[in-house]
Amino acid sequence: MDREPPSSSGGAAVAGTTAPTESSSAPPQDAWIHTYNSFLPLWPSLSHSPQSTIPITISRVNQVDAARLDVEMSAMLKEQLVKVFSLMKPGMLFQYEAELDAFLEFLIWRFSIWVDKPTPGIALMNLRYRNERATESRQKVRTGLEGPGLTVAQKLWYCIATVGGQYIWARLQSFSAFRRWGDTEQRSLAQRIWILLQRVEGIYRAASFGNLLIFLCTGRYRNLIERALRARLVYGSPNMNRAVSFEYMNRQLVWNEFSEMLLLLLPLLNSSSVRNLFRPFSKDKSSSSAEDDTLCPICRATPTIPFVAIPCQHRYCYYCLRTRCAAAPSYRCSRCSEPVSAMQRHGGAPTE
């Protein structure tokens, strides 16, 4: 069946619909001015309206790892500082261990938080401290990355709580333990202070445990000091490339396994067995055998009172062989690794 071609009138109609009409024209040039003037009264209300806060979740693992890294950094600094006083009187630094820890913590605080910089562990996790009181009052935090840092008062209180608080508590604990305030023979005042210290420590531990549970739920404020100061950890930059190299970790794992294997095998080896193991690979066998016949295999000298081991008949010094047999009842000959049952003077009768 053949289709009929479209008529000329139909084609003209289609062309008439698609072609632009003469009545449609472009908008006037001042149309945007009228639109701007119409929206201008609404601008003050939009600018003064509170901006919506977009919540952002800070990784809890990063925050916990930052605290762990700070502890490791302090331990490394303490180890290097102790090596400086290694030649001094032993036990001297033990009396001033609390002062040493406080001094290191103060140095870390002075060159990090006081100058608006994160601590080494916090910096490695791409975090920084933000003043939550200022952000809540201004309501300008939109992505969770903005916001001012800590104020001078917050920094000082942070130093007092972390450095001074820990030092005072450590000294108080050591002083009370040295004075034995917890003994029943002490005065009632000392016992009361000891009980008060124990109760304060218990309350603090319970509060820390509760703060930990809240932190796991909300991801804010790792410890009670941060919660009291309203100092929250947020991301320092929106992007962070984590270039992790496992080469160092692999070397450490291989070395640890190798050292554990050596610790397992070394007690099973002795000098004679190792020497006998490498004896076939020795280059000058004739000189070594001649030397072994004339010298004592223990002291490597000519035997003054020659004795022979039974049953291998190898010559030893009397005192060398007697000492080894007395120290180890199952002593083996240093040359042939054969058990020595008795000893005999060279050319004489055997003795036990």
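These are my notebook entries on one predicted model.

**Ground rules**

I count residues from 1 along each chain as its sequence is written. Since this is a predicted model, I take local features only at pLDDT of at least 70 and side-chain atom pairs only at pLDDT 80 or more, while totals for chains, interfaces and linings use all residues; side-chain values use heavy atoms, with hydrogens and water left out.

**Overview**

I looked up the secondary structure and got 15 helices and 6 strands. Helices (H or I, at least four residues) and strands (E, at least two) are DSSP runs, numbered from the N terminus. Of the 352 residues, 22% count as buried. Buried means under 20% relative accessible area, exposed over 50%, and partly exposed in between (1.4 Å probe, protein chains only).

**The largest pocket**

I went to the largest pocket next; its volume is about 1400 Å³. A pocket here is an open set of points on a 1 Å grid over the protein atoms alone, with protein on both sides within 12 Å along at least five of seven lines; lining residues have an atom within 4 Å of a point. For the volume, grid points are joined across faces, edges and corners, and the space filled by probe spheres set on them is taken.

I found 39 lining residues, with T162, Q166, Y204, N223 and I225 nearest the centre. Two or more lining residues come from each of α4 (60-84), α6 (97-110), α9, α10 (188-218) and α11 (224-229). Which element gives the largest share? That is α9, with 9 residues.

By class, I see 23 nonpolar, 9 polar and 7 charged residues in the lining. Nonpolar covers Ala, Val, Leu, Ile, Met, Phe, Trp, Tyr, Cys and Pro; charged covers Asp, Glu, Lys and Arg; the others, Gly among them, are polar.

**T162**

I zoomed in on T162, which sits in α9 (residues 152-179). Is T162 buried or exposed? T162 counts as buried because its relative accessibility is 14%. A polar atom of its side chain is 2.6 Å from the backbone oxygen of Y158.

I checked the span of α4: its 25 residues reach 37 Å from first C-alpha to last, close to the expected 36 Å. The expected span is 1.5 Å times one less than the number of residues. At the N-terminal end, S59 caps α4, with a side-chain oxygen 3.4 Å from the backbone nitrogen of V61. The buried residues of α4 include D70 and K78, and its buried residues pack against α6, α7 (120-124), β1 (127-131), α10 and β2 (231-235).

For α10, the 31 residues should span 45 Å, and the end C-alpha atoms are 45 Å apart, so the two agree. Its buried residues are A190, L197, E201, N211 and F215. They pack against α4, α9 and α11. Just after α10, G219 has a positive phi of about 80°.

Most residues other than glycine have a negative phi, and most peptide bonds are trans. I noted D116, in the loop between α6 and α7, with phi near 60°. N126, in the loop between α7 and β1, has a positive phi of about 60° too. D116 is exposed at 57% relative accessibility, whereas N126 is buried at 12%. I also found a cis peptide bond from I310 to P311, with omega near 20°.

How values were computed:
A polar contact is a pair of N or O atoms within 3.5 Å; within protein, one must be able to donate a hydrogen and the other to accept it, and residues adjacent in sequence count only if both atoms are side-chain atoms. On a 1 Å grid over the protein atoms alone, a cavity is a set of points where a 1.4 Å probe fits but cannot get out, and a pocket is an open set with protein on both sides within 12 Å along at least five of seven lines; lining residues have an atom within 4 Å of a point. Contact means heavy atoms within 4.5 Å.
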